[in-house]
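Here is a structure to walk through step by step. Keep the sequence and the 3D view side by side as you read.

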Amino acid sequence: MKIHIFYCSNCLDTDLLRKQIEINGNGQGDHQIQTVSLPCSGKVNLLYLLKAFEKGSDGVLLVTCGQDECKFLEGNLRARKRAMAVDSMLEETGLGKGRMIVVRKNEEDVGQIKAAIEKLKDNILQDTERSQE
Amino acid sequence: MIVAERKTIPELVDILEGHKKILVLGCGTCVTVCLAGGEREVSIISSALRIASRAKNLSFEIEELTIERQCDNVFIEEAAKAVERNDVVLSLGCGAGVQAIAERYPAKPVYAGLNTSFIGILEERGIWAEKCAACGACVLDQYGGICPVTRCAKHMLNGPCGGSREDRCEVRPDRPCGWQLIYQRLKSIGQLDRLKRIVPPKNWAPSLGGGCRVIVREDHRI
C-alpha cells in the first residue's frame with residue numbers, strides 16, 4: 001500500500017513527521033509512505049493530488065495548519081476545498097471515496113497523523129474489497 | 001466569454017470506451033478563463049482518465065495538448081500532428097471548437113469533453129453567471145445595459161413580475177431580481193421614463209428559429 005503525505009512545512013517539522021511515522025511503525029514494512037513538504041498547504045492544486053494517485057498512490061493525506069493559523073491567511077481553507085474536489089473526482093473515476101483525507105494540525109493531539117493514516121488505510125482496504133466483490 | 005463545465009468522468013469514460021489512443025485537446029481562450037478546458041484542466045481531466053482507465057482496465061493512452069483557439073483554423077493546424085498520432089480527439093473546447101476540429105479532421109472521431117453552458121462573465125472567484133443569450137436582437141439599450149432576457153427568470157420585457165422578495169428573484173432566490181437591477185440602473189442614469197413605455201413582443205426570428213445562424217459580410221469576402 002502506497003500513501004503520500006502532503007504537509008504544510010509551517011505547521012509540521014519534516015523530521016518530526018518522519019519520526020512520528022517511524023515510531024508508529026508506518027514508515028517501512030508493508031506500507032510505503034512518501035512525504036511531500038509544501039511552503040503552504042494552499043500550494044496544492046487538483047493536479048498535484050491527482051498526479052500522486054496517477055503515479056500509483058493508494059491514498060493521500062494532506063496536513064494543513066489549524067483554523068485561522070495559516071501564515072498566508074487562507075491557504076489551508078483552499079487546500080481543504082481542493083482536496084474535497086479531488087476526493088469526489090476519485091469517486092467518479094471508480095477508485096472510490098475516502099482515499100483523500102485532510103488533517104487540520106492540532107498541536108495538542110500528537111496522535112492525529114497516526115490516526116489519520118489508520119483511517120486512510122481502512123478506507124483503502126474497504127474500497128479494494130468493494131471493487132473485488 | 002463562453003462558459004462551460006466538464007462532463008463527469010463516467011460520462012467521458014462512456015464516450016471513450018473502446019478507443020485506445022486519445023488526444024485530450026484544450027483551448028486557450030474562453031474555456032481557459034472559465035477553468036473548464038485550458039491547459040491545466042487538460043492535465044487534470046487526463047490524469048483522472050488515466051486513473052479511471054487503470055481502475056476499469058481500459059488501457060487508455062492519453063496525449064495532452066492545448067492550442068490557442070479551437071474555433072480558428074489558423075490555430076487548429078497546430079494540432080494536426082497530434083490528431084494524426086491518436087485514434088480520437090476529446091475536445092475540451094466549447095461546442096464551436098469541437099465542431100471546428102471535427103470539420104478540419106473529418107476522418108477522426110471528435111468528442112466533446114465539456115458541456116457548453118452560456119455566454120457570461122466571472123462574477124466573483126469561482127462564480128460565473130449568464131449575461132447574454134445571443135438572441136440576435138439586442139435590447140440592452142432599452143434596459144440600462146441589463147438584459148431582461150437572461151437576468152429575468154421569466155424573460156419579461158415589461159417587468160417586473162411582482163414576485164420578487166427583498167430584491168431576490170422568486171424563481172431563483174439565490175439570484176438578484178433582474179428587474180430590480182434594471183430599475184436601479186435606469187434610476188441612476190436618469191432614464192426611468194423608459195419604464196413607462198410598453199415594449200412589444202420581442203422579435204425572436206434572429207434567435208434559433210431559422211436554424212443555423214450565419215452572418216455574411218460581403219465587404220470582407222474578397
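Start with two strands in chain A. Strand 1 of chain A and strand 2 of chain A, residues 32–38, run parallel and are joined by seven bridges. Remember as you look that this is a predicted model.

Phe6(A) has Val36(A), in strand 2 of chain A, as its bridge partner. Tyr7(A) is placed opposite Ser37(A), again in strand 2 of chain A. Now turn to strand 3 of chain A. There, Val63(A) stands opposite Tyr7(A). Strand 1 and strand 3 of chain A run parallel too, and five bridges join them.

Now put the strands together. What is the order of the strands in the open sheet of chain A? The order is 2-1-3-4, four strands with parallel pairing. Strand 2 and strand 4 of chain A are the edge strands, and each of them pairs on one side only. From one strand to the next, the twist averages 20°.

Why is strand 1 of chain A largely enclosed by the rest of the structure? Count its buried residues. Six of the seven residues in strand 1 of chain A are buried, so the strand is largely enclosed. A residue counts as buried here if 20 or more other C-beta atoms lie within 10 Å of its own.

Next come the helices that lie across this sheet. Helix 3 of chain A lies across strand 3 and strand 4 of chain A. Its direction is at about 160° to strand 4 of chain A. Helix 4 of chain A, residues 112–132, lies across strand 1, strand 3 and strand 4 of chain A. Helix 4 of chain A runs at about 155° to strand 3 of chain A.

Look now at helix 2 of chain A, residues 46–54. Which of its residues are buried? They are Leu49(A), Leu50(A), Ala52(A) and Phe53(A). Seen down the axis of helix 2 of chain A, these buried residues fall within an arc of 150°, so they line one face of the helix. What covers them? From chain A, the cover includes strand 1 (2–8), strand 3 (59–64), helix 3 (75–93) and strand 4 (100–104). The cover also includes helix 3 of chain B. After helix 2 of chain A comes Gly56(A), with a positive phi near 115°.

Helix 3 of chain B takes us across to the other chain. How many residues of chain B are in contact with chain A? There are 13, and they are in contact with 11 residues of chain A. On the chain B side, helix 1 (9–16) and helix 3 (39–55) are the elements that give two or more residues. Helix 3 of chain B gives the most, with nine residues. By class, this side of chain B has seven nonpolar, three polar and three charged residues.

Step back and take in chain B as a whole. Its secondary structure comes to eight helices and seven strands. Its C-alpha atoms fill a box of roughly 65 × 50 × 25 Å along the principal axes. The radius of gyration of chain B is 22 Å, whereas a compact globule of 222 residues would have one near 17 Å. Of the 222 residues of chain B, 32% count as buried. Take the contacts in chain B with a separation of 6 or more: 56% of these are between residues 24 or more positions apart.

Leu16(B) sits in helix 1 of chain B. Is Leu16(B) buried or exposed? Leu16(B) is buried, because 23 other C-beta atoms lie within 10 Å. Leaving aside neighbours within four places in sequence, Leu16(B) is in contact with Ile22(B), Phe60(B), Val88(B) and Leu90(B).

Lys81(B) belongs to helix 5 of chain B, residues 80–85. Lys81(B) has 10 C-beta neighbours inside 10 Å, so it counts as exposed. For that label, the count must be 12 or fewer.

Now use Arg104(B) as a reference point. Leu16(B) and Arg104(B) are 88 residues apart in sequence, and their C-alpha atoms are 20 Å apart in space. Lys81(B) and Arg104(B) are 23 residues apart in sequence and 13 Å apart in space, C-alpha to C-alpha.

Conventions. Residues are numbered from 1 along each chain as its sequence is written. Chains are lettered from A and ligands numbered from 1 in the order in which they are written. This is a predicted model: local features need pLDDT of at least 70, side-chain atom pairs count only at pLDDT 80 or more; totals for chains, interfaces and linings use all residues. Two residues are in contact if their C-beta atoms, placed from the backbone, lie within 7 Å. Ala, Val, Leu, Ile, Met, Phe, Trp, Tyr, Cys and Pro count as nonpolar, Asp, Glu, Lys and Arg as charged, and the others, Gly among them, as polar. The arc is that of the directions from the helix axis to the C-beta atoms. Two strands pair if DSSP finds at least two bridges between them. Axes are lines fitted to C-alpha atoms, for helices over the stretch in contact, and angles run from 0 to 180 degrees between N-to-C directions. The radius of gyration is taken over C-alpha atoms; the globule rule is 2.2 Å times the number of residues to the power 0.38.
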